[in-house]
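Colleague: Take me through this model by question and answer. Keep it short, and give me the cut-offs as you go.

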Amino acid sequence: MSPDAAAGTVPHPTHLAHQFDDAGQQREAASLGMWVFLATEVLFFGGLFTTYLVYRNWYPAAFAAGSHELLIWAGTTNTAVLITSSLTMALAVHAAQTGNRRLLLLFLLVTMALGLVFLGIKGFEYHTEYVEHHVPGAGFQFDPANAQHAQLFFSLYFLMTGLHALHMIVGLGIMSTMFWISWRGVITSEYYNPIEVGGLYWHFVDIVWIFLFPLLYLIARHAH
Amino acid sequence: MATVLAPPHHYLNDGYGIKSWLLTRDHKRIALLYLASITFFFFVGGLFAVLIRLELITPVGDLVSDETYNKLFTMHGIMMVFFFLIPSIPATLGNFLVPLMIGAKDLAFPRLNLASWYIFLLGGLFTLYALVTGGVDTGWTFYVPFSTTSSTSNVIPAALGIFVTGFSSILTGLNFIVTIHRMRAPGMTWFRMPLFLWSMYATSVIFVLGTPVIAITLLLIAAERLFHFGFFDPALGGDPVLFQHLFWFYSHPAVYIMVLPAMGVVSELVAAFCRKQVFGYTVVAFASLAIAVLGFLVWGHHLFVAGESVYAAMIFSILSYLVAIPSAVKVFNWTATMYKGSISWATPMLYAIGFIGLFTIGGLTGLFVAAVGIDVHVTDTYFVIAHFHYIMVGGAIMGYMGGLHYWWPKISGRLYNEFLAKIAAGIIFLGFNLTFFPQFILGYLGMPRRYHAYPPEFQVLNVLSSAGASILGVGYLIPFFYLMWSLRYGPLAGSNPWSAVGLEWTTTSPPPTENFARTPTVTWNAYEYGEPIESHVA
């Protein structure tokens with residue numbers, strides 16, 4: 001029997017890839033695939049969190065001093081921005097599920113805008129730190145008592161927030177694609193896997209920040 | 001069952017152009033793309049091994065300079081570990097068989113599967129470029145501070161190539177996990193799955209959870225070299241031992257990435273060529289998962305002499321012993337499967353038996369080096385080299401060769417020359433032991449690894465080892481030729497040349513692009529071969 005005859009008995013819906021039997025199987029596969037990918041991401045950032053853990057335990061004073069130099073208002077604002085973007089992302093997924101294309105496009109747009117605001121604020125912070133000579137390397141300047149180990153703090157700060165920002169940029173790329181296919185009307189209440197899976201990724205990137213914020217900005221900020 | 005010797009339509013004649021291969025989403029064709037790529041990398045890695053063994057024939061460093069020698073063993077390790085052993089069985093046999101064995105049309109994400117091959121090739125060629133345009137001399141382990149502050153070789157490009165290739169492992173693992181969870185045919189329950197799939201699943205878990213850690217570690221190395229961040233530099237407050245922790249958190253489980261798939265293959269082979277249900281199926285299945293989980297808890301045994309606390313060393317030593325339990329369970333169960341089985345000595349079975357013996361030696365010497373006291377004596381000697389080559393070459397490659405021969409008729413639709421294949425299997429077994437057994441003795445006597453010169457009293461054993469390596473090399477070349485030859489001239493195989501059970505043998509050889517004419521419904525357990533004793537009585 002030719003392959004066509006086997007597949008030919010039941011017409012295959014447009015968005016159902018040939019290897020799947022039905023839309024439910026395809027949706028579950030897509031969703032599980034993203035969860036597995038996020039597990040990879042957790043371990044990826046995990047290496048950095050481990051490094052952070054070791055050096056913060058070794059050099060608590062230098063890490064506290066370094067943390068105090070960060071712009072806490074910027075970090076706090078960014079946390080609020082990202083949490084809000086997670087809300088709009090969840091609303092976008094809901095709009096996709098209910099087949100409301102106008103709302104879907106609106107919420108995707110707001111999510112992207114919030115992502116851009118985050119990156120803008122982050123860029124402003126990086127600039128400030130550059131001006132204040134807090135970028136590790138030959139030009140690094142800090143209170144001599146903690147200079148060497150504060151440099152480790154800032155190395156971790158730039159690497160962790162930098163990787164996070166990179167994930168945000170990738171997320172914006174995904175959101176743009178989501179916006180484009182939603183605009184073209186590909187997304188319906190029957191087929192919204194891309195939005196759901198893209199949303200999972202977006203929430204993950206937010207959650208990474210939820211850990212980064214206290215670890216980097218809030219060291220020893222509690223009242224004595 | 002009607003045997004179709006030559007199916008009119010199959011995945012190999014479904015398009016002939018270069019685009020039909022380079023843009024294919026068929027898991028079977030992607031498996032062949034991987035097969036060609038890893039064979040290439042295997043021979044590149046082998047070439048470096050040839051040069052190493054040539055240098056070591058004489059006690060003085062006369063063939064290459066010490067720096068060139070450093071690059072040779074580094075490039076041998078990098079090529080073999082990252083570009084041959086890790087992808088070997090999963091990316092070729094796994095890619096080909098996972099959908100066939102569960103009765104699916106393809107993997108869950110065919111496009112991602114093709115992407116992972118491109119990522120693999122990109123990383124591999126980039127690393128190869130770094131190696132031939134100057135090389136890397138850090139050892140495949142990239143230990144700091146040498147790799148970050150001292151080495152002037154191409155560390156960043158090589159690390160970048162491995163970093164990129166890691167994503168192909170992750171995507172393959174992700175694809176397998178989702179496929180095994182979501183794509184099984186009706187009736188194919190978890191405990192009806194062939195044990196090869198359990199081992200693929202366990203391997204995939206390591207791919208997904210281990211690989212990102214080596215990725216971030218290599219990124220830290222690159223950042224350290226580029227921006228002088230000082231994470232691993234004691235002069236800046238960093239800790240070189242932290243690198244070793246991070247590195248081995250992946251690289252020890254990576255050993256199980258290499259050997260678990262081979263174990264899965266051996267389970268298939270032992271059942272098929274003893275015509276018996278694998279003894280203790282459930283235990284063997286869970287042993288794979290146990291090895292994957294325990295494999296993540298033993299990395300510290302690489303740091304016994306690196307300034308690890310004595311308590312940490314004791315814990316890691318005990319945990320390492322624990323890995324021996326599921327490993328031994330497998331060996332005992334394969335042996336018990338063979339017991340009173342109707343054993344046929346086909347080539348794949350020769351490799352399976354070779355695997356069981358060599359893996360046992362490799363595993364038992366693993367217990368030696370997991371004991372803190374002995375490890376201090378043999379660490380960084382040829383004893384360790386011999387130990388892990390028994391696992392990686394004697395274990396993983398034996399399993400790979402056995403699987404390749406077993407499924408070759410399914411992949412190509414043709415039979416290879418059984419006589420030559422048996423000869424080659426024998427040559428490989430002999431050559432392997434002659435190469436690596438003397439290294440146990442050399443190491444125990446104190447010959448350190450990674451030196452291109454050595455005291456004259458070690459020469460006899462080194463000459464034996466080099467002689468063995470040349471035999472081993474010939475042994476690997478023979479299959480290359482007769483397998484290629486069989487593609488055109490081999491007799492047609494038919495759907496099931498081994499009279500084996502398993503869904504992959506119910507479809508034609510080669511299988512159609514869609515794998516099965518109709519989605520199969522499974523009502524039987526794996527390895528229902530019937531009882532051989534009864535059949536003898538009858």
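Modeller: Terms first. Helices are DSSP runs of H or I with at least four residues, strands are E runs of at least two, and both are numbered from the N terminus. This is a predicted model: local features need pLDDT of at least 70, side-chain atom pairs count only at pLDDT 80 or more, and totals for chains, interfaces and linings use all residues. Residues are numbered from 1 along each chain as its sequence is written, while chains are lettered from A and ligands numbered from 1 in the order in which they are written.

Colleague: Where is the place of Leu72(B)?

Modeller: Leu72(B) is in contact with Phe48(B), Leu51(B), Ile52(B) and Val64(B), leaving aside neighbours within four places in sequence. Contact means C-beta atoms, placed from the backbone, within 7 Å. The residue sits in chain B, in helix H3.

Colleague: Is Leu72(B) buried or exposed?

Modeller: The test counts other C-beta atoms, placed from the backbone, within 10 Å: 20 or more is buried, 12 or fewer is exposed, and in between is partly exposed. Leu72(B) has 23, so this residue is buried.

Colleague: At what angle do the axes of H3(B) and H4(B) cross?

Modeller: Axes are lines fitted to C-alpha atoms, for helices over the stretch in contact, and angles run from 0 to 180 degrees between N-to-C directions. H3(B) covers residues 66–102 and H4(B) covers 110–132. Their axes come within 11 Å and cross at roughly 165°.

Colleague: Which orientation does that make for H3(B) relative to H4(B)?

Modeller: Under 35 degrees is roughly parallel, over 145 roughly antiparallel, 65 to 115 roughly perpendicular, and the rest oblique. The crossing angle therefore makes H3(B), relative to H4(B), roughly antiparallel.

Colleague: How many charged residues are in the contact of H3(B) with H4(B)?

Modeller: Among the residues that meet are Phe83(B) of H3(B) and Phe120(B) of H4(B). Ala, Val, Leu, Ile, Met, Phe, Trp, Tyr, Cys and Pro count as nonpolar, Asp, Glu, Lys and Arg as charged, and the others, Gly among them, as polar. The contact has 6 nonpolar and 4 polar residues, and of charged ones there are none.

Colleague: Which helix gives the most to the side of chain A that touches chain B?

Modeller: The contact takes 32 residues from chain A and 37 from chain B. H1 (3–8), H2 (23–58) and H6 (147–183) of chain A each supply at least two residues. The top contributor, with 16 residues, is H2(A).

Colleague: Is the crossing of H2(A) and H7(B) left-handed or right-handed?

Modeller: Their axes come within 8 Å and cross at roughly 40°. A crossing is left-handed if the near helix is turned anticlockwise from the far one by less than a right angle, and right-handed if clockwise. H2(A) passes H7(B) in a crossing that is right-handed.

Colleague: How many nonpolar residues are in the contact of H2(A) with H7(B)?

Modeller: Leu43(A) and Phe44(A) are among the H2(A) residues here, with Val208(B) and Pro212(B) among those of H7(B). No charged residues take part. The contact has 4 polar residues, and the nonpolar count is 11.

Colleague: What radius of gyration does chain A have?

Modeller: The radius is taken over C-alpha atoms, and the globule rule is 2.2 Å times the number of residues to the power 0.38. For a compact globule of 224 residues, that value would be near 17 Å. Chain A has 22 Å.

Technical notes:
Contact = placed C-beta atoms within 7 Å.
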